[in-house]
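Biologist: I am new to this structure and would like a guided tour. Could we begin with the terms and then go through the parts in turn?

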Amino acid sequence: MKETTKFLRKKVLVLGLAKSGVSAASLLHKLGAFVTVNDKKPISENPEAQGLLEQGIKVICGDHPIELLDEGFQFIVKNPGIPYTNPLVDGAIKKGIPVYTEVELAYLISKAPFIGITGTNGKTTTTTLIHEMLERGGKNPLIAGNIGTVASGVAETAESYNNIVIELSSFQLMGIEEFRPSIAVLTNLYDAHLDYHSSKQEYAQAKGKITVNQTEEDYVVYNADQSDVRELVIHSKAEHVPFSTETILENGAYVQEGYVMFRGEKILSVRDIALPGKHNLENILAAVAVSKLKGVDNRAILEVLQTFHGVKHRLQYVATIADRKFFNDSKATNILAATKALTSFEEPVILLAGGLDRGNEFDELKPALAHVKAIVTFGQTAKKIERVAKEVGITNIKYVDNVEKAVPVAFELSDPGDIILLSPACASWDQYKTFEVRGDMFMEAVHKLN
């Protein structure tokens, strides 16, 4: 761990726990800060807070009292999910107190360089692909961030020969000051998280912060097919490395005559790629660009792409049963994500969809239903999805109670050669705690068919 005296004998408030808050509080305590932790969950229901209390860290639970701002804190490290409209956060900003997320701490102590990946969609797949390619290429990668491992915990043990591959949300990036990845990746940009950000412009600016501290020694890998992304990187000082599925780019990654190319070099045939979907081809081009910049050989890249079938719950191949292929895309919690999944296949699709009703309709899904021969619906939005399906001429529609019951019904509706796809286009919270639980239930039901 790289030493920093930035927090030595400074009063720091860690706002919100979860994994990142626990890691941040423990790290700041080691760095000699006077740490106070504040979490909304009562101490009796908060084993994480109890553990920090045992380390000698001050803990205040059950509420976010605004009076904390009178205690003279010099820094605040907040959980990314806590919005900037929170009275404590808003009050701190007005007082001129720096408000960080845990990613900033990770950068300050890390001996290893960072490869940062952000964007609206494809972050997890791209992050995983980069990690797998660097691993296969002997580049000693570590994986961190939104993908499940806390960045500061990874950074504590990282050495200079490692590469920390980190998935970054807009929430995390809003709380950086010095964070500077040696390679920044911007996968794409769509409307998202507007319940957290005040506008699409604020959301885009948060994403763009991934490259704001980069220098001429760094690289920014970006989706050249999107004007919004090109606009975000236009002022970046880093060397620009674009990728495109539509245009030949001499200085980037692209597709030409059925081959993935990088700066004029033929890397592999598109036919050798196991992961389906045009949107995944974008993720692959980004990962190939990063891997080539880090000196990974083509054989290692090919080995990964021939065997990688997707991240769990993100257009994940589950099984082939009686010549039907099952895919788990439970992470498709909105119409855009479901559209990308549906347009990944040319075979007939049996679609499993439905979930939490957020008040929207599903007419935007209509163009993507061209290959759908039957739909199994569930959850609060079942009737809305049924209406859209009927309007595009789909007559084979079944309603069931949940995902587990949808699987055998979908199998009965299918024929050999069909795709059976869970891509709900909705959040899971009406029936399941998380999209991961929903996806696990789907996969368990699939394996029961054998």
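Modeller: Two strands are said to pair if DSSP finds at least two bridges between them. The model shown here is predicted. Strand S17 (residues 349–353) and strand S18 (residues 372–377) are joined by five bridges and run parallel.

Biologist: Which residue stands opposite Val349 in S18?

Modeller: Val372 of S18 faces Val349.

Biologist: What is the strand order of the open sheet of six strands?

Modeller: The order is S15-S16-S20-S17-S18-S19, and the pairing is mixed. Strand S15 (316–321) and strand S19 (397–399) are at the edges; each has a single partner strand, so one side of each lacks a neighbour in the sheet. On average, neighbouring strands of this sheet are turned by 20° against each other, direction ignored.

Biologist: How many bridges join S15 to strand S16, and do they run parallel or antiparallel?

Modeller: S15 and strand S16 (residues 324–328) are joined by five bridges and run antiparallel. Thr320 has Lys325 in S16 as its bridge partner. The two strands form a hairpin with two residues between them, and Ala322 in the turn has a positive phi of about 50°.

Biologist: Changing topic, which strands make up the open sheet of nine?

Modeller: Its order is S7-S8-S6-S9-S10-S11-S12-S13-S14, again with mixed pairing. S7 and strand S14 (265–269) are the edge strands, each pairing on one side only. Neighbouring strands here are turned by 25° against each other on average, direction ignored.

Biologist: Which helix packs on that sheet?

Modeller: Helix H10 (residues 278–293) does, touching strands that include S6 (114–118), S9 (183–186) and S10 (219–223). The direction of H10 makes about 40° with that of S13.

Biologist: In what sense do S12 and S13 pair?

Modeller: They pair in the antiparallel sense over four bridges. Tyr254 has Met261 in S13 as its bridge partner. The loop between strand S12 (253–256) and strand S13 (259–262) holds Glu257. Glu257 has a positive phi of about 50° although it is not a glycine.

Biologist: Is Glu257 buried or exposed?

Modeller: Glu257 counts as exposed because its relative accessibility is 76%, and the cut-off for exposed is over 50%.

Biologist: Where is Asn140, and what is its phi?

Modeller: Asn140 lies in the loop between helix H5 (123–136) and strand S7 (141–145). Its phi is positive, about 55°, although Asn140 is not a glycine. At 39% relative accessibility, Asn140 counts as partly exposed.

Biologist: And Val154, which helix holds that one?

Modeller: Val154 is in helix H6 (residues 151–157). The residue is buried, with a relative accessible area of 14%. Leaving aside neighbours within four places in sequence, Val154 contacts Leu142, Ile143, Ala144, Thr149 and Ile164. The C-alpha atoms of Val154 and Met1 are separated by 9.8 Å, although the two residues are 153 residues apart along the chain.

Biologist: Last topic: at what angle do H14 and H15 pack?

Modeller: Helix H14 (residues 403–413) and helix H15 (residues 435–448) pack at about 40°, with their axes 8 Å apart. That angle makes H14 oblique to H15. H14 passes H15 in a right-handed crossing.

Biologist: Which residues make the contact?

Modeller: From H14 they are Val403, Glu404 and Val407, and from H15 they are Arg438, Met441, Phe442, Ala445 and Val446. By class, the contact of H14 with H15 has six nonpolar, no polar and two charged residues.

Technical notes: Residues numbered from 1 in each chain as written. Predicted model: local features only at pLDDT ≥ 70, side-chain atom pairs only at ≥ 80, totals over all residues. Heavy atoms only, no water. Axes fitted to C-alpha atoms, helices over the stretch in contact; angles between N-to-C directions. Parallel < 35°, antiparallel > 145°, perpendicular 65-115°, else oblique. Left-handed = near helix turned anticlockwise from the far one by under 90°. Contact = heavy atoms within 4.5 Å. Nonpolar A, V, L, I, M, F, W, Y, C, P; charged D, E, K, R; others polar. Buried < 20%, exposed > 50% of the residue type's maximum accessible area, 1.4 Å probe, protein only.
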